[in-house]
Amino acid sequence: MSDWGRPLWIAHRGGGRAAPENTLAAIRAGAAAGFRMVEFDVMLSRDGVPVLIHDDTLERTTSGRGAVAEHDFAALRQLDAGAWHGRAFAGEVIPTLEEAIALLVALDLDANIEIKPAPGHARATGDAVARTVAARWPVGRTLPLFSSFDFDALDAARARAPEVPRGLLFEAVPDDWRTQMRTLGAVSLHCDHGRLAAERLADIVGAGIPLLCYTVNQADRAAALIAAGVRGLFTDCLDLPGQVAGH
């Protein structure tokens with residue numbers, strides 16, 4: 001099997017369980033654990049700033065309330081995005097995509113940037129994320145990988161920055177996955193390992209498509225997926241046996 005050029009293990013939401021998700025602290029935690037690739041989620045503030053956060057709403061991972069898309073960046077920046085995870089992270093802020101890119105470069109990390117639009121903002125989010133990466137990613141450096149559950153968001157990213165590779169993201173892989181990949185010009189397929197039938201896995205791997213699975217937190221399951229030809233494993237656990245050797 002040829003090397004597709006990216007690390008096998010990918011720290012989920014920056015640093016898995018080691019730090020508050022989708023923060024600069026999380027990205028630093030992933031790097032500190034020896035990971036060479038991280039994944040994080042990006043959506044837009046009300047005034048169009050791409051920021052790192054997973055949920056449409058603020059309650060779970062910040063001190064704020066309400067929808068992310070209903071707050072300007074200046075208001076989002078005042079929130080605490082770390083205290084929920086532990087006292088040591090109190091005061092951690094919601095970072096911008098620009099800040100995350102600067103840290104990726106400083107730490108020499110590869111990245112999967114998941115475009116996570118709030119409802120009704122798919123194309124605007126895909127466009128803004130792609131525009132930011134095109135403007136801020138250093139020339140000559142391996143480009144990050146975009147992914148999204150939202151077809152329109154990924155299509156908008158392709159229109160804005162066709163040079164940035166795209167991965168098509170599903171919970172369960174649909175029967176028309178080949179058609180969707182061709183339509184988007186996707187280079188990889190990402191899915192929930194718990195909803196991946198062995199036959200579908202074999203079809204994808206047999207077609208030569210890099211298959212990436214989330215969220216793999218057990219060493220035995222990881223070993224089985226690797227043996228079956230899976231090329232990337234998103235994980236919350238940064239200390240599973242064999243991870244460092246598999247980076």
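Which unit do β7, helix α7 (residues 198-206) and β8 make? In this predicted model, the three elements form a β-α-β unit of right-handed sense. The chain then crosses from β8 through helix α8 (residues 219-228) to β9, and this β-α-β crossover is also right-handed.

**Strand pairing around β8**

Strand β8 pairs with β7 and with β9. Leu212 takes part in both pairings: it is the bridge partner of His190, and its bridge partner in β9 is Gly232. The two pairings are set out below.

| Strand pair | Sense | Bridges |
|---|---|---|
| β7 (residues 188-192) and β8 | parallel | four |
| β8 and β9 (residues 232-235) | parallel | two |

**Faces of β8**

Side chains in a regular strand alternate between the two faces of the sheet. In β8 (residues 211-214), Leu211 and Cys213 lie on one side, while Leu212 and Tyr214 lie on the other. All four are buried, and both faces of the strand are covered.

**The largest pocket**

The largest pocket has a volume of about 150 Å³. Its lining comprises 14 residues, of which His12, Glu39, Glu114, Phe149 and Tyr214 are the closest to the centre. Two elements, β2 (37-44) and β4 (110-115), each give two or more residues to this lining. By class, the lining has five charged, five polar and four nonpolar residues.

Note on methods. Residues numbered from 1 in each chain as written. Predicted model: local features only at pLDDT ≥ 70, side-chain atom pairs only at ≥ 80, totals over all residues. Heavy atoms only, no water. 1 Å grid on protein atoms, 1.4 Å probe; cavity = no way out; pocket = protein on both sides within 12 Å on 5 of 7 lines; lining within 4 Å. Points joined across faces, edges and corners; volume = space filled by probe spheres on them. Nonpolar A, V, L, I, M, F, W, Y, C, P; charged D, E, K, R; others polar. Buried < 20%, exposed > 50% of the residue type's maximum accessible area, 1.4 Å probe, protein only. Pairing = 2+ DSSP bridges. Right-handed = clockwise from strand over helix to strand, strands pointing away.
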